[in-house]
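I opened the notebook to record what I looked up in this model. The entries follow the order in which I checked things.

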Amino acid sequence: ESNGLVYLDTHYYGGIKKYQWVTIPLAIHGVVIKKDGTKLEIVIGEDENEVSLSISDILPHLGQEQAKKTLADAIKGEDLDILIGLAPKSEKGAKEDKVTGKDLLIKLIEDKYGFSEDDFQSAELEVVPAGNARLAGLDASMILAYGHDDRSCAYTSLIALLESTQTPERTSLCLLADKEEIGSVGATGMNSNFLENATSEVIDVLCGFSELKLKRALRNSKMLSSDVSAAFDPLNAELFDKKNSAQLNYGIAFNKYTGSRGKSGSNDANPEFIAQIRNILDNKKISYQFAELGKVDQGGGGTIAYMCAKYGMDVIDSGVPVLSMHAPWETIAVFDLKCALETYKEFLKIK
């Protein structure tokens, strides 16, 4: 609490432009695990008929010094605190209230949401832009939403598996990994041993486990690493190699390699696997494109593909082109999303 205003402290996640997050409606999603093991699922700020949350910013009338700073420095990470309430107002002439704004907010949280201040210690709560995904453009050709990177790819990958109508030649797996934006760390990141452990369990049931069988199974696997690609932005054309950039409305995008500059940190898929995928998509008349992330020396990015390539499996990055990547609201094309879903469905039929 500070000067009558009550805040929740935050810690931003991954690569964001901090100035984009002030003054917009925000929501809290997550879970609270109480000491007795009770799990509470929390959603605050999504219902238009309930409360909303936000982060304040300085008014332009007093923002001369802020305007002199770079975009990276104008809003500091420590200033991304969420305003959640106000202190009680004292009557004129009365003694200062003994109950603070924080006390009232903690009491409100206990009464309305069912957990105490101490329970924040075993909570996992994320602050995200509030609001539903919406069709965008006068022609409804696009989708504006939070988290297209990588929900657009995770969604299409999972639905492709769930809607499979025939028994595949190979065991099918949709693995949704966490923490990709901070190095794929932790028990739910791709750097964990989850894939090895799960495959080992299947092998053990089918034919008895051995290390050699595990290595052979992973080596003989084929994978589409579902991750978005940066869409060409005409308003910032100088950052892109237009001839080699993903375009909205041209279909699913494949990145033979990602990384930065001299392919640092990339997977670099083999041409035999790429040719096999091209043949499948051309036969089914599914639109696709090949791209890289910006100009060679402009920057770059990576995915989890190289972490699976270490097993010797065939893997390539594939996904939906995205405008305004990592912004609170991102834009994709409806057509590209459909092409991604069709691609993943056909990929599961591969022999």
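This is a predicted model: local features need pLDDT of at least 70, side-chain atom pairs count only at pLDDT 80 or more; totals for chains, interfaces and linings use all residues.

I began with strand S2 (residues 26-33), which pairs with S5 in the antiparallel sense over seven bridges. Two strands pair if DSSP finds at least two bridges between them. Helices (H or I, at least four residues) and strands (E, at least two) are DSSP runs, numbered from the N terminus. In this pair I found Val 31 opposite Glu 124 in S5.

Residues are numbered from 1 along each chain as its sequence is written, and side-chain values use heavy atoms, with hydrogens and water left out.

Next I looked up the sheet around S2. The order is S3-S2-S5 in an open sheet of three strands with antiparallel pairing. Strand S3 (39-44) and strand S5 (123-129) are the edge strands, each pairing on one side only. From one strand to the next, the twist averages 10°. Axes are lines fitted to C-alpha atoms, for helices over the stretch in contact, and angles run from 0 to 180 degrees between N-to-C directions.

I then turned to another sheet. S6-S7-S16 is the order of an open sheet of three strands, again listed with antiparallel pairing. Strand S6 (134-136) and strand S16 (330-333) each have a single partner strand, so one side of each is left without a neighbour in the sheet. On average, neighbouring strands here are turned by 35° against each other, direction ignored. S6 and strand S7 (residues 142-145) run antiparallel and are joined by three bridges. Leu 135 stands opposite Ile 143 in S7.

Which strands does helix H9 (residues 334-347) touch? I found that H9 packs on the sheet and touches S6, S7 and S16, with its direction at about 70° to that of S16. Helix H4 (residues 148-162) lies across S7 and S16 and runs at about 35° to S16. Contact means heavy atoms within 4.5 Å.

H4 also holds Asp 150. The peptide bond from Asp 149 to Asp 150 is cis, with omega near 10°.

Is Ser 200 buried or exposed? I found Ser 200 in helix H5 (residues 194-207), and it is buried because its relative accessible area is 15%. Buried means under 20% relative accessible area, exposed over 50%, partly exposed in between (1.4 Å probe, protein chains only). Not counting residues up to four places away in sequence, Ser 200 touches Phe 209 and Leu 214.

I also checked two residues with positive phi. Asn 249 is not a glycine, yet its phi is near 75°. Asn 249 sits in the loop between strand S9 (229-230) and strand S10 (252-255), and it counts as partly exposed because its relative accessibility is 45%. Lys 285, also not a glycine, has a positive phi of about 55°. Lys 285 is in the loop between helix H7 (271-283) and strand S12 (288-290), and it counts as exposed, at 74% relative accessibility.

Last, I wrote down the whole protein. The protein has nine helices and 16 strands. Its C-alpha trace spans about 80 × 55 × 40 Å along the principal axes. Of its 351 residues, 35% count as buried.
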